[in-house]
Amino acid sequence: MKKVVLVLVTLLISLWADTLWLDEAKKKKCCEVKQGSVPMKELSVKSGNLQENKKLKNLSGSVLYIRDMDGKIEEHNLSGSKITFTPQYKGNYHLFLKHQEVVDGVLNVQLSTHRLYNKEGNLSCSWTKEVRGKTSDSRYLSEPLSQLPFQLMMEKTIHKHHVNCCLYVGDIIPLKVYYKGELLKDVPVDVELESGWKNTIKPNDKGMMMVEVPKSTYEQEKGDKKRSEKLLVSATYDVNESGVYDGKSYTSVHYAMSIPLSFGDTPLEYESKTLAFATVIGVMLVFSLGLYYNRRRKRKTPKEIYFDEE
Amino acid sequence: MTKNKFSLRRAVNNMNLVRFRFWFQIVAFALIVYGGYIGLDLGDKLPTFACVFNSEGTGGKCYVGELQHDLKHPLEGFVGFAGYAFLISLGMFAVWFWALNKGWCGFVCPLGTMQDWLTMVREKTKIRYSEYSWANRGKIKSIKYILLILLLLLPVMIANSVFGLPKLPNGLSMPFCDICPGRMMIPAFTGDFNQFYIDFSSKTDIVMTTIGMIMTGLFLVGSFIKKRFFCYFCPMAALQYVFSKPALLKLYKDGSKCTKCGDCYRACDMDILEIADDVTSKNLVTEDCTLCLKCVAACPEDGCLEANFMGATIFESTKEGFLVRMAMDQNKENHAH
Amino acid sequence: MHTEHTIETSAERQNRHKAMEAIAVLNSLKEDFKSPIRSMGYFYDLFEKVYCHHQPLHEGKAKIGTMCIQIPSEIIYALDAVPIRLCNGFYTDDEIGGDLLPQKSCPLVKATVGWFASDNFSDKPDITFSPTTCDQKTKAGAIIESFGHTVIDVGFPRTKESEESRHYWRESVKSFAVKLSKFQGKKLTRSNLESAIKKVGYAQSLYHKLTEFRKNKAVPILGVDMFLVTNAFFFDKIDEWISAVEKLVSELEQRANDGVNVAGKASPRIVYTGSPPIFPNYKIPLIIEQSDAIIVADETCSSNRMFNDMVAVDEWNLYDMIDSVSDKYLKACTCPIFTQNDDRIRRIIQLVRSYSGDGVIYQAFAGCQVYEMEQRSVLAAMEREGIPILYIESDYSPSQHGQLTTRVEAFIESLKNRKRMKK
Amino acid sequence: MRYFVGIDIGSTAIKISVADENKNLVGHKISASGSMFYKYAQEALAELLKELGIDEREVVYTVATGYGRKLFKEADENISEITANAIGAQQAAKSYGNIKTIINIGGQDSKAISLDAEGNVVNFAMNDRCAAGTGKFLDVVAMNLEIGVDELSDYHFKSVGTPLSISSTCAVFAESEIIGLLGNNHSVEDIVSGVHYSIAKRIVKLVKRVGVKENVYFDGGPALNDGLVNAIENELGHKIFVPEYPQITTSYGAAVLACDAFLSESAS
């Protein structure tokens with residue numbers, strides 16, 4: 001048993017090397033934004049683990065699916081080293097990368113998804129959306145995307161806090177893995193932090209995996225609300241299936257999917273609930289006692305023997 | 001009064017406002033606080049406390065939150081899309097507001113509803129309500145405007161240095177939300193008490209969250225002992241009042257029919273003296289009015305007070321209605337034997 | 001040949017005088033007008049019973065004298081007692097009181113004092129509460145006390161707008177309630193006060209129903225009859241009053257449908273205001289309606305002011321009920337004792353408008369300073385509104401009847417002319 | 001034997017009384033006065049003396065009073081009816097007690113006289129010259145009610161209901177008022193007692209002007225009306241004395257005065 005786990009782990013470690021993930025380029029300074037113009041979004045594909053952070057030079061053969069907040073899906077065939085596109089609307093876009101290649105008889109299907117939030121927008125197209133006010137967060141897929149044979153999916157995150165735009169330490173991310181729309185109940189998920197912390201989570205009997213966003217490891221940076229840290233969630237799956245992909249034949253397929261996330265520190269990290277409740281109770285006590293005595297003092301209402309609320 | 005034939009208008013004017021409002025508020029409360037669970041989403045520009053911190057349940061979001069968020073950007077950003085977006089949001093807020101005018105406070109606002117529930121509890125326990133002295137009542141009025149100005153100014157001062165002042169710490173990004181009892185109370189109704197915390201991550205956070213806790217304590221006791229305790233200080237009310245004039249729903253008064261008996265003033269949760277003593281102006285939606293229409297229900301004069309929607313009277317005071325509501329329309333004892 | 005006969009005691013004599021005053025008025029109510037109302041019979045009999053035959057109505061019940069409308073009858077009923085309003089209209093008592101008060105003082109007060117001086121009641125109040133309304137009543141309380149009656153002053157403020165007076169009056173009413181419940185040895189409870197408030201409210205609602213009919217073109221009831229009905233509320237058993245008025249209402253409904261009109265086609269519609277006409281001092285109202293005019297509304301404390309404004313309770317608990325009761329008697333009141341009294345003027349105008357009155361007759365008792373003093377401002381206001389008004393000063397004495405008649409008649413004729421001009 | 005005569009020539013009747021030396025009333029006569037007082041007065045006196053069987057020469061002193069007194073030339077002296085009334089009352093009520101106040105209701109006027117201990121007139125008041133509250137008024141009332149004046153009393157005492165007061169002070173208006181009351185078929189009894197009480201009230205007001213002092217003496221024709229007497233008593237609140245012949249008090253007083261005058265003359 002122990003041995004099996006060990007083998008599994010080593011196997012997984014060997015696989016990290018070829019994890020791909022989408023990485024959004026640092027957004028431009030607001031001040032450079034020209035009036036009316038909508039900034040172009042730029043992304044690159046990284047490989048290896050978070051620390052290595054190698055940039056993939058050639059994306060030819062990769063496909064990018066872009067789902068906008070209305071669920072419309074566009075397909076782009078990629079080439080060159082970076083991905084660019086110009087979102088029209090303010091709001092969330094979901095990108096799905098699909099990169100396939102045959103390496104010594106194994107078809108590697110590299111998948112990655114990334115949510116991209118567009119702050120700016122083209123007023124002429126999106127004023128209706130503005131009027132509507134897009135409050136429902138569309139970070140999560142409702143059902144597996146048909147274009148992806150293998151998919152690691154995030155259910156709606158269980159928040160310990162209010163803001164559902166971003167992840168914070170302590171949030172719990174429920175994950176599921178699908179193969180051709182079928183739920184796989186035995187595929188574990190790997191979690192990796194920029195800091196190098198790693199972990200593997202096994203699914204429960206319902207095939208659900210719960211990843212709690214770990215506490216920050218950067219002591220010195222505590223309290224900086226702007227700080228955000230990368231988190232990579234990935235899963236792999238091998239199928240004995242032979243076929244031919246652009247001339248090369250393969251005997252087995254190796255699927256890998258990653259979800260790059262970034263999270264920040266949360267007030268909850270420093271919170272004191274007990275003290276809070278104490279304060280509330282205390283205030284209530286003081287206030288009501290104050291009221292009581294104040295009334296006692298200037299009660300002119302007569303003795304109860306003449307009045308009776310009943 | 002003497003005509004006995006049934007008419008809808010008559011039925012409406014004779015309605016038991018207390019009960020109607022109770023159920024209306026419950027429905028509204030359910031939609032605002034739990035609507036999210038059934039996928040209800042009224043957008044993020046609601047002129048009422050649909051709390052954004054109630055992330056799962058909320059059926060829409062409070063504009064004051066959005067407003068603070070929007071203002072926390074460098075001013076330059078407001079030229080261009082962001083600027084338009086901001087104006088659209090504000091406009092949208094106004095549109096929502098005009099539909100019900102202050103009725104949002106009296107019939108929809110979950111925080112208001114909670115206060116009314118607390119009032120009911122007090123009434124059951126037969127504890128006397130408190131009143132402000134008229135002098136203090138006058139003084140209080142300004143507080144909500146001060147709060148409004150602060151919640152507008154602070155976020156701006158985070159992202160920009162106003163008059164060369166140093167930028168404020170990020171902890172003040174949502175100054176009002178920090179101290180708004182809604183943040184604690186509304187999620188609490190979905191079983192989420194996580195908002196009860198004091199944030200030690202920075203000095204400002206400690207201060208703001210502590211004030212928040214204090215406010216919650218005050219809210220609970222205050223609105224138990226004083227009807228609509230929080231509404232006296234509500235900056236949302238102040239913001240709304242700016243847009244109140246063109247609203248569709250109105251509270252009109254016919255001064256010539258008013259006997260200044262003060263029954264309306266007695267009924268008013270917000271102790272608005274004008275409702276009884278102002279016999280000249282027609283539109284009686286004052287800054288503190290929550291348009292709860294209790295005054296209309298308590299007015300014994302025919303057609304002296306009325307709720308008016310786009311020029312059409314929807315609910316007006318009548319002698320008969322008054323008598324029905326006060327259970328004075330028949331002699332109980334005589335009917336007994 | 002001259003024989004010995006029994007000679008009346010002074011009490012008997014007073015009663016005879018009162019009886020003679022009363023019967024005279026009752027007779028002219030019954031006989032001088034066309035199409036009499038059947039259900040008014042109850043009230044005619046009631047007044048005859050009480051004032052001609054001096055039959056007590058409330059034996060075995062505690063009778064609480066009230067010197068003004070400001071004493072909340074709700075609380076009295078709640079404590080299972082009967083309010084007896086002591087405002088008096090008898091010339092006999094006026095004469096008696098005249099020897100005890102300055103000649104110039106108000107006949108109503110003189111009559112009330114005289115009543116106590118002669119100590120001659122069919123229903124003698126066991127205790128009397130005197131709100132400090134106008135000077136004369138305030139002092140009268142003390143004088144009555146000097147005759148050995150228990151009189152308890154209830155502090156009443158002279159301004160109604162201010163917060164202080166509001167609180168002051170609320171406290172006064174509370175302590176009144178305490179004293180009364182002490183006196184009665186009975187608790188003022190939520191339930192008994194609630195039912196009392198609702199009962200009195202229902203009584204008021206009946207009055208409102210009656211007045212509605214007077215808005216009609218054909219007025220089915222005389223003003224003097226209305227005065228009699230409201231006057232009965234001063235001392236009658238409330239339940240009997242209620243059922244009698246219920247009958248009256250239904251009869252008036254019938255008359256209204258049949259278009260019965262107690263006045264003539266051209267009779268001007270009068271709004272009556274000023275010092276209260278209290279039985280049997282219906283001198284001016286009778287003169288008005290005998291000279292072919294009809295009183296369609298009034299603004300007096302013996303009628304409209306007593307019934308018009310309702311108690312509105314927000315929370316049906318004792319604390320709120322007591323406050324709302326006290327507020328009704330202060331805030332809503334249009335008594336001229338108050339510093340400013342635009343409300344009264346506004347009320348009169350509103351009455352003229354809603355009852356389509358042709359003119360106002362303003363009667364002030366000689367000696368009733370507050371009404372005399374307010375006369376000027378009211379007249380000015382009516383001038384502004386273009387409402388013709390006649391100001392009359394009168395007292396209880398049967399003299400100067402003819403001269404008053406001529407004045408009233410002249411005014412009414414002028415109104416008739418105006419009406420014709422309009423057409 | 002010497003006799004003394006007092007003649008009271010009033011508006012409606014001539015009253016003659018004859019007294020002896022002891023001032024006792026020997027006889028009296030009442031005859032309607034008309035246009036020619038003088039003639040009637042002489043005739044009446046002659047008749048009375050004949051009845052009494054007194055020779056004219058036995059009449060030694062005659063005093064005339066009443067407002068026709070000047071016309072009676074034979075009178076040795078004439079005095080005002082006030083004085084005469086006062087003296088007469090004193091004399092007539094000797095047995096009863098000392099009279100302090102006199103009420104006199106004549107045909108056309110009513111008087112109130114107050115006396116001092118010696119019986120001298122201290123003060124007196126008369127009603128404004130108006131028929132209301134006089135004998136004439138009662139006649140009018142009786143006529144309208146179609147009953148005799150003498151019946152009024154009985155009706156008064158039969159009254160059970162509340163007296164229906166007559167508000168008008170003038171006889172003429174009162175008349176129409178009474179007719180009105182009859183029209184609304186109120187009981188005659190109540191009307192009568194009402195009338196009595198309204199007269200009584202006015203009289204008592206009059207008396208109060210001079211001041212009411214026991215004993216009170218009531219004379220004049222209406223004093224025969226027991227109902228009115230009772231009414232006045234009730235209004236006054238105490239008993240009043242009505243002589244046997246209330247109408248002739250004044251003439252009797254004149255006779256008494258005649259006696260005194262003669263005695264004092266002959267004494268000197």
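Biologist: How many helices and strands does chain B have?
Modeller: Chain B has 16 helices and four strands. Those are DSSP runs numbered from the N terminus: helices are H or I, at least four residues, and strands are E, at least two. This is a predicted model, with local features needing pLDDT of at least 70, side-chain atom pairs counting only at pLDDT 80 or more, and totals for chains, interfaces and linings using all residues. Residues are numbered from 1 along each chain as its sequence is written, while chains are lettered from A and ligands numbered from 1 in the order in which they are written.

Biologist: What is the radius of gyration of chain B?
Modeller: It is 22 Å, close to the 20 Å that the globule rule gives for 337 residues, so chain B is as compact as a globular protein of that length. The radius is taken over C-alpha atoms, and the rule is 2.2 Å times the number of residues to the power 0.38.

Biologist: How much of chain B is buried?
Modeller: Buried residues are 52% of its 337 residues. Buried means 20 or more other C-beta atoms within 10 Å of a residue's own; exposed means 12 or fewer, partly exposed is in between, and C-beta atoms are placed from the backbone.

Biologist: Switching to chain C. How many of its residues are in contact with chain B?
Modeller: 31 residues of chain C contact 30 residues of chain B. Contact means C-beta atoms, placed from the backbone, within 7 Å.

Biologist: Which helix gives the most to that side of chain C?
Modeller: H8(C), with nine residues.

Biologist: And by class?
Modeller: The side of chain C that touches chain B has seven nonpolar, nine polar and 15 charged residues. Ala, Val, Leu, Ile, Met, Phe, Trp, Tyr, Cys and Pro count as nonpolar, Asp, Glu, Lys and Arg as charged, and the others, Gly among them, as polar.

Biologist: Which residues of H2(C) are buried?
Modeller: Phe43(C), Leu46(C), Phe47(C), Val50(C) and Tyr51(C). Seen down the axis of H2(C), they fall within an arc of 100 degrees, so they line one face of the helix. The arc is that of the directions from the helix axis to the C-beta atoms.

Biologist: What covers them?
Modeller: The cover includes helix H1 (10-31), helix H9 (223-232) and H10 of chain C.

Biologist: What happens just after H2(C)?
Modeller: His54(C) takes a positive phi of about 50 degrees.

Note on methods
Contact = placed C-beta atoms within 7 Å.
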